Structures are given as C-alpha cells and as structure tokens.
Amino acid sequence: MHIEVRGLNKQFGDFHAVNEVNFEIAKGQLIGLLGPSGGGKTSILRMLAGLETPTSGDIIFHGKRVNDLPPQERGIGFVFQNYALFKHMTVYDNVAFGLKVKKQPKDQIRDRVMSLVELTGLKGFEHRYPHQLSGGQRQRVAFARALAPEPQLLLLDEPFAAIDAKIRSELRTWLKDMIERLGITSIFVTHDQDEAIEVADEIMIINKGRLEQKGSPWDIYKNPQTQFVASFIGESTIVSQVDRLPGFEEAANWTGTQALIRPEYIEIGKRHEFRMPSATVEGKVKHIHFRGSEWMIEVEVGDIKLITYRSLEKDVLQPGDKVNVLIHRAYLFNDNDTWIMENKLKEDPMPIHI
Ligand SMILES: Nc1ncnc2c1ncn2[C@@H]1O[C@H](COP(=O)(O)OP(=O)(O)O)[C@@H](O)[C@H]1O
Ligand SMILES: [Mg+2]
C-alpha cells in the first residue's frame with residue numbers, strides 16, 4: 001500500500017508530540033522509524049492505525065484520505081513491543097482471532113492459520129499458551145496474528161525491545177526476510193540505530209516530534225542534514241572552533257559554532273607515516289583500547305579530544321606517544337545548514353574505508 005502523510009500534527013494539551021510531519025512510503029517498502037524515546041514514533045503509528053486522531057494533517061492510503069476511517073477498515077496489522085497476546089488463548093486461537101471477528105468460514109480460517117503457523121516457524125506449537133513460549137516465539141505469534149487478516153500495511157512498534165540481544169538479532173534477520181517475501185509495506189519503530197540500519201530499506205529519523213531526515217541508511221550516514229542526525233547515527237566527537245585545526249581555517253567564515261568529526265575521518269600515526277605531514281596536527285595518545293579487529297584510540301589535540309581507529313597491522317601506539325593527526329573531513333552545522341568540509345591542506349581525496 002502506498003502511504004502519504006501531509007502536515008501531520010498531534011498535540012496533547014499544550015504539548016506538541018508530532019510536529020508538521022510529511023512523508024511518502026512506496027508500496028512494499030520496509031521503513032525504519034528511528035529516534036530517541038519520547039520523540040513521537042508511537043504517536044505517528046497510532047495515528048496511521050486510527051487509534052489516535054491527528055490534531056491536523058492528512059493521512060492518505062492509495063491516494064485516498066483515511067482520517068475518518070475507523071481502525072478496522074484501514075487494512076493495518078499492528079505488532080507491539082509488549083507481545084499483547086491473549087493470555088487465555090492458544091497460539092492457534094490468537095492467530096485466528098482477527099479472522100473469527102470477520103466471521104470467515106471455519107475451514108478457511110484453519111487453512112490460513114496453519115499456513116501462517118508454518119510460515120513463522122511455529123508448527124507444533126499451535127496448542128500452546130503464550131506463557132509456554134519464549135519471548136521470541138511470542139513475538140512470532142504476534143506477527144502471525146497481525147498478518148492473518150492480510151493487512152496492506154504492517155506497523156511494528158519496537159517489536160523486539162523486550163528480547164535479549166542474541167535472539168533479537170536473529171529475529172531481525174528473520175523479520176526482514178519475511179517482509180521481503182511477503183512484499184508488505186511495513187514501518188518498523190526502533191530507538192536502536194544498528195537495528196534500523198540492518199533492517200530498513202529507508203530510515204526516517206524522528207526527534208522531538210519532527211522528521212529530521214528520511215533516506216537510505218547509507219545516505220543518512222554520509223549526508224546527515226542536521227546536527228542531531230549526525231550525532232545520532234554513527235560515532236563522533238563534537239568540536240568547537242574547528243577553524244583552529246590546520247586545513248579547516250575557512251570554518252571561521254561559518255555562522256555555526258560546532259563541528260562534528262567521525263572516527264573514520266581521522267588518521268593518526270608517527271610523522272613518517274604521512275606523505276603530507278603539513279596537513280596534520282600534533283597530538284598526544286591518551287588511551288588505547290583493543291577492539292578485536294583494530295585499536296580504538298583516544299587522542300588529544302590541544303584541548304580537543306578525538307576518537308579514531310588504527311589497524312592492528314601498524315606499529316602499536318602507547319598512551320603518552322606524540323603522534324600526528326590527519327583530519328580529513330568535518331561536518332559543520334548551524335540551525336539551517338550543513339557544510340561537509342574537507343581538509344584544504346591535504347592533496348589526496350579521502351580514502352573511503354567504512
Ligand atoms: N496520551 C498522551 N497524553 C499526553 N502525552 C502523551 C500521550 N501520548 C504520548 N504523549 C507524549 O508525547 C511524546 C511522544 O510520545 P511517543 O509517541 O510515545 O514517543 P516514542 O514512541 O517516540 O517514544 C512523549 O513526550 C509522551 O509523553
Ligand atoms: Mg514508543
């Protein structure tokens with residue numbers, strides 16, 4: 001189902017929980033709705049589902065405005081964080097629930113439930129009750145139950161938040177695979193950036209009720225459009241007065257005061273490791289941490305603390321070592337704009353090795 005949201009607002013009293021949100025979702029896409037807790041993600045889903053009335057704005061499915069359509073007529077499946085299974089019903093009855101409500105013939109219900117039980121890997125568990133299942137199995141039942149009435153839009157609100165890390169990562173892969181196979185338009189809410197990056201075709205970043213950016217995970221990583229997005233996705237250090245750094249003097253002309261530097265845009269090493277030492281600045285190694293496949297290094301350049309990584313193949317640096325630091329790139333921000341600034345002193349374009 002094609003989804004369009006125009007000028008969506010939700011106020012609770014004076015509080016603006018969702019603020020002028022606009023987006024479009026193509027049929028069959030899996031969208032990650034990502035942002036900190038309290039940002040307005042659940043409110044957006046509830047308005048799409050018809051469980052909450054927008055203060056203003058339009059919700060359009062397939063080109064038709066659905067604001068006044070009751071939830072059961074919107075063709076939506078909903079999976080919540082806290083399972084929300086019917087405790088006194090078996091797996092079979094939970095999955096069959098929506099079909100019974102629609103008064104479908106018994107044998108048709110049976111075929112549909114059994115095919116979903118099979119699809120979600122729950123064969124043999126049909127007669128169990130929710131308390132006889134693991135957290136991951138329960139969420140698969142919730143998923144099967146949401147799919148049973150053949151919804152055209154699936155809304156998943158932090159479906160794996162209550163499940164431990166290892167199972168959660170298995171479920172993510174399972175879910176992505178399942179949604180791709182079914183080709184159902186889906187919105188997946190999470191506050192975990194790794195989860196969104198791994199699962200979604202496109203991510204929408206929501207903060208304080210506003211949609212900060214929408215794009216592919218890679219696009220958002222490469223071209224963050226606000227300071228919030230840049231600091232929320234990936235690791236980074238915020239630096240004030242970046243114009244103090246060699247190669248970034250032009251930043252003095254910028255109206256913003258802060259810049260953001262990602263670890264992968266920084267190289268550190270002994271002077272002889274650089275072809276253009278003049279593009280580097282001197283620094284001192286503060287801490288080193290072994291990270292399995294590389295070293296994570298905290299380095300001080302004057303009063304600026306930066307984080308970077310260094311290959312295990314190179315000479316090991318020690319805390320206290322004097323090093324040269326090459327900063328390839330910084331993101332500059334003000335209220336309206338982003339400027340991705342390259343180090344003007346270095347001759348080579350930055351090698352991208354992310
Ligand atoms: N029914 C409500 N009444 C008053 N405030 C609410 C209500 N529902 C949500 N809010 C507030 O709106 C903000 C956004 O909430 P929510 O959409 O649940 O965010 P998220 O899902 O991103 O954590 C929060 O500050 C929350 O306290
Ligand atoms: Mg929520």
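In the predicted model, a polar side-chain atom of Lys41 sits 2.8 Å from an oxygen atom of ligand 1. The side chain of Thr42 places an N or O atom 2.8 Å from a ligand 1 oxygen atom. For Ser43, a polar side-chain atom is 2.6 Å from an oxygen atom of ligand 1. A polar contact is defined here as a pair of N or O atoms within 3.5 Å; within protein, one must be able to donate a hydrogen and the other to accept it, and residues adjacent in sequence count only if both atoms are side-chain atoms. On its own, ligand 1 has 560 Å² of accessible area, of which the protein covers 59%. Accessible areas were computed by the Shrake-Rupley method with a 1.4 Å probe; for residues, only the protein chains shown count as cover.

The shell around ligand 1 consists of Phe12, Phe15, Ala17, Pro36, Ser37, Gly38, Gly39, Gly40, Lys41, Thr42 and Ser43. A residue is near a molecule if one of its heavy atoms lies within 4 Å of it. Four shell residues are nonpolar, six polar and one charged. In this scheme Ala, Val, Leu, Ile, Met, Phe, Trp, Tyr, Cys and Pro are nonpolar, Asp, Glu, Lys and Arg are charged, and the others, Gly among them, are polar. Both β2 (15–25) and α1 (41–49) supply at least two shell residues. The largest share, three residues, comes from α1. Helices (H or I, at least four residues) and strands (E, at least two) are DSSP runs, numbered from the N terminus.

Helix α4 (residues 135–147) has 13 residues and spans 19 Å from first to last C-alpha, close to the expected 18 Å at 1.5 Å a residue. The expected span is 1.5 Å times one less than the number of residues. Of the 13 residues of α4, 12 are buried (under 20% relative accessible area, 1.4 Å probe, protein chains only). Elements covering the buried residues include β6 (76–79), α2 (91–101), α3 (106–119), β7 (153–157) and α5 (165–182).

The protein has eight helices and 19 strands. Its C-alpha trace spans about 80 × 45 × 35 Å along the principal axes. Of its 354 residues, 50% count as buried.

Residues are numbered from 1 along each chain as its sequence is written, with chains lettered from A and ligands numbered from 1 in the order in which they are written. Local features need pLDDT of at least 70, side-chain atom pairs count only at pLDDT 80 or more, and totals for chains, interfaces and linings use all residues, while side-chain values use heavy atoms, leaving out hydrogens and water.

Notes
Contact = heavy atoms within 4.5 Å.
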